[in-house]
Amino acid sequence: MVHMSSRTTIRLDREAKSLLEELKDEMGAKNYSVVVERLGAEAERLKHGELGPLPKLKSFVSDKHDRLD
């Protein structure tokens with residue numbers, strides 16, 4: 001069964017359109033929908049804490065002993 005998607009039009013300024021075009025070319029995507037879907041998936045991945053190889057690593061907190069004067 002072929003999934004038929006509905007279409008819509010969105011208004012973008014020239015800068016946003018240019019950025020989407022660049023991303024489309026870099027990704028080798030066939031259309032802007034693919035680019036937007038991939039960006040959404042990446043945003044979702046980052047939102048859920050996949051921020052690199054050590055996502056549970058605590059933030060560095062500087063103290064008075066972190067430098068040699």
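## Largest pocket

Helices α1 and α2 each contribute at least two residues to the lining of the largest pocket in this predicted model. Helices are DSSP runs of H or I with at least four residues, numbered from the N terminus. With five residues, α2 gives the most to this lining.

The largest pocket holds about 510 Å³ of space. R7, T8, N31, Y32 and S33 are the closest to its centre among the 15 lining residues. A pocket is an open set of points on a 1 Å grid over the protein atoms alone where a 1.4 Å probe fits, with protein on both sides within 12 Å along at least five of seven lines; lining residues have an atom within 4 Å of a point. The volume is the space filled by probe spheres set on the points, which are joined across faces, edges and corners.

## Nonpolar core

The largest nonpolar core consists of five residues: L20, L23, A29, V34 and V35. Both α1 and α2 (32-47) supply at least two residues of this core. Such a core is a set of buried Ala, Val, Leu, Ile, Met, Phe, Trp, Tyr and Cys residues joined through side-chain atoms within 4.5 Å.

## Residue K24

K24 lies in helix α1 (residues 14-27). K24 is buried because its relative accessible area is 18%, the cut-off being under 20% with a 1.4 Å probe, protein chains only.

## Basis of the model

Residues are numbered from 1 along each chain as its sequence is written, and side-chain values use heavy atoms, without hydrogens and water. Local features need pLDDT of at least 70 and side-chain atom pairs count only at pLDDT 80 or more, whereas totals for chains, interfaces and linings use all residues.

Definitions and conventions: Buried < 20%, exposed > 50% of the residue type's maximum accessible area, 1.4 Å probe, protein only.
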